[in-house]
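Please look over the sequence and the model shown here before reading the briefing that follows. The notes are grouped by topic.

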Amino acid sequence: MTEPRRIPLPELGRLYRKAVLDAVKSKLSTTGSLKALPKQPVLADHPGITQEQAEAYRQLVHGEAFDGVHRTSLPSVLVHIAGFPVQMALMSQRNFPLPLLGMVHLSNQVHHRKPVTAGQPLQILARAENLTAHRRGTQVDIVVEVSAEGEVLYTSTSVYLGRGTYLFEKPAAAPAPREEFLPPAKTALWTLGADAGREYAAVSGDYNPIHLTGITAKALGQKRAIVHGMYSAARMLEGREPETAGHRWSIEFSAPVTLPGKVAFAAEQIDEKTQRFSGWNPRKARPHFTGELTLP
C-alpha cells in the first residue's frame with residue numbers, strides 16, 4: 001500500500017462548505033471518463049471520543065450509560081463517527097473522481113476487532129478502492145481503519161454511489177426486478193421527528209444538508225429531509241454489540257427514511273451467534289434497510 005498522507009484531523013463543517021463550492025464543477029475529463037481513484041490513503045490522529053460525546057450518543061439512541069459500570073467500550077457507530085471526518089477528507093480531495101454532495105450511501109461492512117474506550121487516542125486511515133459501474137452511476141468503496149498504538153481495532157468498508165456520474169456511458173439495460181419484500185414480525189416501532197437528522201448531526205458533526213431540513217434536502221434532489229444511514233445502524237445495533245468486541249456487522253440501504261417518519265423494525269435470532277435485522281415503512285411495507293450482526 002502507498003505510504004499515507006498525514007493530515008490534521010479535519011473539521012466536517014469546512015469540508016461540507018468546500019463540497020458546496022465544488023458542486024458546480026465537473027470532475028469528468030475531456031473524454032467523458034472519470035479520473036482514477038487517489039492511490040494515496042490519508043491518515044490523521046484523533047484525540048479520542050470524549051465521555052460527553054459518548055453520553056450524548058447514548059441519549060440519542062436510548063442506549064446504555066457510559067459510566068464505567070454499565071458499559072466501558074464504545075459502540076461501533078461511535079467509532080465510525082471518529083473516523084468519518086478522515087473519510088470525508090479523502091472524498092473531498094480535488095483528485096477524487098466523484099462529487100461529494102449528493103453521494104448515496106449503499107452499505108457498510110464492519111469488523112469491530114477490539115474494544116475502543118472513551119478518551120483513547122486513535123489513528124484513522126482512509127483509502128478508496130473499487131471504482132465500478134452501477135446502473136445509476138458509479139460506486140466506490142471507502143475503507144477506514146481505526147488503530148491505537150499500532151494495533152487495528154476496527155475496519156469498515158462503506159459503499160457509496162455517485163448518482164448520475166458514469167464511468168463510460170449510461171447502461172442501456174433495464175434494472176433487475178426487485179425481490180418482493182415480506183415484512184417479518186415487528187419487534188419495535190421507531191418514531192422519528194423532523195429534527196432527527198439535526199440531533200444525529202449534533203452528536204456526529206455530520207451536517208450533510210440532505211439530513212437537516214426539507215429546504216436543504218430539496219436543494220440536493222430529495223423530496224424531504226432523510227435520516228442518516230448510520231443513525232439507523234446505531235439503533236439497529238444498540239444493546240446488541242458485545243463489550244469485548246470481535247464482532248462483525250453489516251447494513252444495506254434500500255430506500256431512505258424521510259423525516260418525520262416511522263420505521264417498523266425486526267430483530268430475528270438466526271442462530272446462537274447471528275441476528276438479522278430489517279427496517280421498513282410500516283404503512284407501505286417498503287424496505288428501508290436490512291442488516292446482520294455476527295458475534296465472535
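Contact here means heavy atoms within 4.5 Å, while axes are lines fitted to C-alpha atoms, for helices over the stretch in contact, with angles running from 0 to 180 degrees between N-to-C directions. Helices (H or I, at least four residues) and strands (E, at least two) are DSSP runs, numbered from the N terminus. This is a predicted model, in which local features need pLDDT of at least 70 and side-chain atom pairs count only at pLDDT 80 or more, whereas totals for chains, interfaces and linings use all residues. Residues are numbered from 1 along each chain as its sequence is written, and side-chain values use heavy atoms, with hydrogens and water left out.

- Strand 7 (residues 188-192) pairs with strand 9 (residues 261-269) in the antiparallel sense over 5 bridges, and Leu-192 stands opposite Gly-261 of strand 9.
- Strand 9 is also joined by 6 bridges to strand 10 (residues 274-281), the two running antiparallel, with a hairpin of 4 residues connecting them and Phe-265 standing opposite Gly-279 in strand 10.
- Strand 2 (residues 42-46) and strand 4 (residues 122-134) form an antiparallel pair over 5 bridges, in which Leu-43 stands opposite Leu-125 of strand 4.

**Helix 6**

- Helix 6 is mostly covered, since 9 of its 9 residues are buried (under 20% relative accessible area, with exposed meaning over 50% and partly exposed in between, for a 1.4 Å probe and protein chains only).
- Just after helix 6, Gly-239 takes a positive phi of about 80°.

**Helix 2**

- In helix 2 (residues 51-61), the buried residues are Ala-54, Tyr-57, Leu-60 and Val-61.
- These residues cover an arc of only 115° around the axis, which puts them on the same side of helix 2; the arc is that of the directions from the helix axis to the C-beta atoms.
- Glu-52 and Gln-59, on the other side of helix 2, are exposed.
- The buried residues of helix 2 pack against helix 3 (76-91), helix 4 (196-204) and helix 6 (229-237).

Note on methods
Pairing = 2+ DSSP bridges.
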